[in-house]
Amino acid sequence: MSRTKIFCDIADSKTIKEFNKKSIVDGFTTNPSLMRKAGAKSYEKYSKLLLKICRKKPISLEVFADNFSEMEKQALKINSWGKNIYVKIPVINSKGKFTGKLIKKLNKKKIKLNITAVYTVAQVKKINRCLDNKTKSIISIFSGRMADVGKDPVPIIRKAVQLTRSKNNVEILWASTREPYNYTQSKQLGCQIITMPPKIIEKVSKFGKSFNELTKDTVKAFLTDSKKSKFKI
Ligand code: E4P
């Protein structure tokens, strides 16, 4: 089984510059909310700035239109900006309509896609039917957002990995990571990619503390705080 690649989930240009240099980081994912958070005013100009920084590693840039013809136009434009781009297409539009036809059309044109906002096995099945077995494609399953509402992402990811196993070009991405342990889980499930915010990548890169070290660190931290507060009984 191949290693689970680590992508950085961020649109801030300074952070992309810093994390692009790290060998632990294999690529980047962005979304319209992250672009907004990064202060992007012109989507095109800002994306091109990011593409100047990240020239080789894969980077996902998402369409933001809500109707399929606009989505298609945006997808073609975004794709023309560079070779390392995965065009992110949401699995449905805001009205709940499956983007399958568009996925199929773009996939036929050999455009690398990252199908995003995926939550169910049924969606994975439908997406998989729209993808050929040559063009590189990613299916992003939003594990953290599921867990945020009390749902377990593990069985869904496990099934998704299984469903796409016969297509070497299709990768399952653990998206919306909430904690460092999600990296361990994604590896155990055979996920090809996990995308994580920069802070979690930093924690994952320091994995390996022993239980003995952890227990000492914990006790020491409590002692330090007790001393700082001059606690007395
Ligand atoms: C994935 O590509 C998304 O950008 C991302 O993982 C969403 O994460 P969030 O749920 O923390 O916003």
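Biologist: How far is the polar side-chain atom of Asn-31 from an oxygen atom of the ligand?
Modeller: In this predicted model, a polar side-chain atom of Asn-31 lies 2.7 Å from an oxygen atom of the ligand, where a polar contact is a pair of N or O atoms within 3.5 Å. The model's local features need pLDDT of at least 70 and side-chain atom pairs count only at pLDDT 80 or more, while totals for chains, interfaces and linings use all residues. Residues are numbered from 1 along each chain as its sequence is written, and side-chain values use heavy atoms, with hydrogens and water left out.

Biologist: And which atom of Ser-176 lies 2.7 Å from a ligand oxygen, backbone or side chain?
Modeller: For Ser-176 it is a backbone N or O atom, whereas Lys-88 places a side-chain N or O atom 2.7 Å from an oxygen atom of the ligand.

Biologist: Which residues are around the ligand?
Modeller: Asn-31, Lys-88 and Ser-176 are among them, along with Asp-9, Thr-29, Phe-142, Arg-145, Ala-175, Arg-178 and Thr-195; a residue counts if one of its heavy atoms lies within 4 Å.

Biologist: Switching to helices, at what angle do helix 6 and helix 8 pack?
Modeller: Helix 6 (residues 121-130) and helix 8 (residues 154-163) pack at about 20°, with their axes 9 Å apart, the axes being lines fitted to C-alpha atoms over the stretch in contact, with angles running from 0 to 180 degrees between N-to-C directions. Helices here are DSSP runs of H or I with at least four residues. The pair is therefore roughly parallel, a term for angles under 35 degrees.

Biologist: Which residues of helix 6 and helix 8 meet?
Modeller: Val-121, Val-124, Lys-125 and Asn-128 of helix 6 meet Ile-156, Lys-159, Ala-160 and Leu-163 of helix 8, with contact meaning heavy atoms within 4.5 Å.

Biologist: What about helix 1 and helix 10, how far apart are their axes?
Modeller: The axes of helix 1 (residues 13-20) and helix 10 (residues 198-205) are 12 Å apart, at an angle of about 20°. Thr-15, Glu-18 and Phe-19 in helix 1 meet Pro-198, Ile-201 and Glu-202 in helix 10.

Key
Helices (H or I, at least four residues) and strands (E, at least two) are DSSP runs, numbered from the N terminus. Angles under 35 degrees count as roughly parallel, over 145 as roughly antiparallel, 65 to 115 as roughly perpendicular and the rest as oblique. A polar contact is a pair of N or O atoms within 3.5 Å; within protein, one must be able to donate a hydrogen and the other to accept it, and residues adjacent in sequence count only if both atoms are side-chain atoms.
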